[in-house]
Amino acid sequence: MPKRWGATALAFTALGAFVFAAGPPARAAGVHLASSTLVRAFEDRDGNRATPVYEYLQADLGELDDRGVSVHLYGWGRLDLADDDAFGDRAAGEAVYAYAQYTAGNNLMVRLGRQYVFQGGANESLDGVRVDADVSPLFSFTAYGGVPVAVEEVDGRSGDTLWGGRFGHHSGDRYDLGLSYKHLANDGSRDDEFVGLDGSVSLPAGIGVSGRSLYSLATDGWAEHAYEADVPAWGTRIRPFFQQVSYEDRFDTGENTGGPFRALAGSDERSTTLGADWWIPAAGPVDVTVRLHHNRYDERSSATYAAGSVRWPVAKALDLGGELGRMNGGDDRDRYTLLRLFAYWELPFGYATADAVYARYDEDVFGEDASLFLSATGGWRTPVENLLVEVNADYGSDPYFDSNLRAFAAVRYVYDR
Amino acid sequence: MTPKRPLFWSGLAAVAVAAVLVGCAALHSSYELPAAHPDELEPGPPVCSDCHEPDGGGVVYARFDHTPAFAAGAHRLAAGQREAVCSLCHQPSMCNGCHADAVELKPSTRDPGGTRRAYPHRGDYLTRHRIDGRVDPAPCFRCHGNPKASASCRPCHGR
């Protein structure tokens, strides 16, 4: 497998290099290319030195501003110049998506190829087909099917299937109700199957309420309820929300469950989160957001996160901002205080930014009670149109690293026609 | 019965249903979103309802206002219902910058100059995730819940 990913990495790196070398294509109506070539230098926790070169490449071709056929590609590859063991057997590249799309009237959209489906509670990468359309002014549907990408590392792809969809009923801009379904099988046996209900409704005074519930057919229980409201008031926006998660029903997706969640899937825990975000854009020139999240559990003590953040455009070209937050869990190990300060300075030839994040833990982690992260970045908009060069240095001191410097450089290029 | 038989019939049924629905779609007209936002937007997070009626024209545009709460999480429900509205301005790479099974670098590492953006996991999140994950693992699960997406978790948590 490493050879295969190595080839992917080389292919994307070569393709990125080609984009730079070739320059604007001679015939390129409806072409969007975005290339980010990144170089990092760091030392990992085991002392391995790494100098990976990344190429993140996006290409969109065809009818991009109108209905018709288009092709969309996005992926990345990595080549570690240090050739040390920092990355082990981790994949050195990935085609994130690569699909052809056809759009027509009545919001009809057909996608064929590798794609992500974020619809009606689904959050899946799929090699297959997806169709979206309105079937009347009151009804719409999404249907998808194919081979899931996520479980390919579990016993190969034979017998892996993913299919589902959403059927929606909406009345103009008043409400939108949806019923969704997803079925995921690994090696022919069901790993994940859920039915989802989602809805949104517009109420008087600009108030909106939306949410969704997921019912796991695999474990026969409600997996998640998530509901929120958007309330405009006094020139501000208040977003109260409610979320309830049953660990077994949400996290037990068979072989499709990622490592950290397997233990949680075996617990009877259920968490309920109540909270609100309050956005206050009218506080003079300062943009303020207040956040309060309170978590309650069936089996453990509750926890609350409270934070306030500000963004202050000091001058036309200078933004300052920060956040102060406090996590107050049931015991000391679940408590910390977070302070972040940042700056963004727009310059005639580019920009400069600075970022500082400090966290203090109520209970030591590996004998340390705090983390400090400092970051500085400079960006230069070169005379070549849409060609940006960026350099960055990070310093970190935390429970995992006594003192750690990391360097980063990027060349970003966008071509549109 | 071999595992492939139900797959075949399920696939055939899905194609048939999709064909009927697409046929229905061809027979009516409803509010249609354009393929792309017709006007170039000012830099910075757009507040859609500044220009559009907040709840008019077939779309509740106020749901897509790029407020701090929207960036921090409220976009999830809106995109899950009307992804086509997001597609007016964004290609899927916008979503996949954060939500993808395998992009290796966290958003704030790939874009360290994006200090004004609501990137999760800034700074030493390796330590903070121990606490945040215990307090509310559901957001972690959304992006790291499957074997491929949890590759970065594997060195400590195992498979």
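A: Start with a term: buried means under 20% relative accessible area, exposed means over 50%, and partly exposed is in between (1.4 Å probe, protein chains only). This is a predicted model, where local features need pLDDT of at least 70, side-chain atom pairs count only at pLDDT 80 or more, and totals for chains, interfaces and linings use all residues. Residues are numbered from 1 along each chain as its sequence is written, chains are lettered from A and ligands numbered from 1 in the order in which they are written, and side-chain values use heavy atoms, with hydrogens and water left out.

Q: Is A:Asp277 buried or exposed?

A: A:Asp277 counts as buried because its relative accessibility is 2%.

Q: Which residue does A:Asp277 form a salt bridge with?

A: A:Arg291, with the closest N and O atoms 2.9 Å apart. A salt bridge is a side-chain nitrogen of Lys or Arg within 4 Å of a carboxyl oxygen of Asp or Glu.

Q: How many salt bridges are there over all chains?

A: A search of the whole structure finds 34.

Q: Which residue of chain A does B:Arg122 pair with?

A: B:Arg122 forms a salt bridge with A:Asp355, and their closest N and O atoms are 3.4 Å apart. B:Arg122 is buried, at 7% relative accessible area, and A:Asp355 is buried too, at 6%.

Q: What about networks of salt bridges?

A: One network links A:Glu94, A:Arg114, A:Asp127 and B:Lys148.

Q: Why can such side chains pair at all?

A: Side chains of opposite charge can pair when their charged atoms come close.
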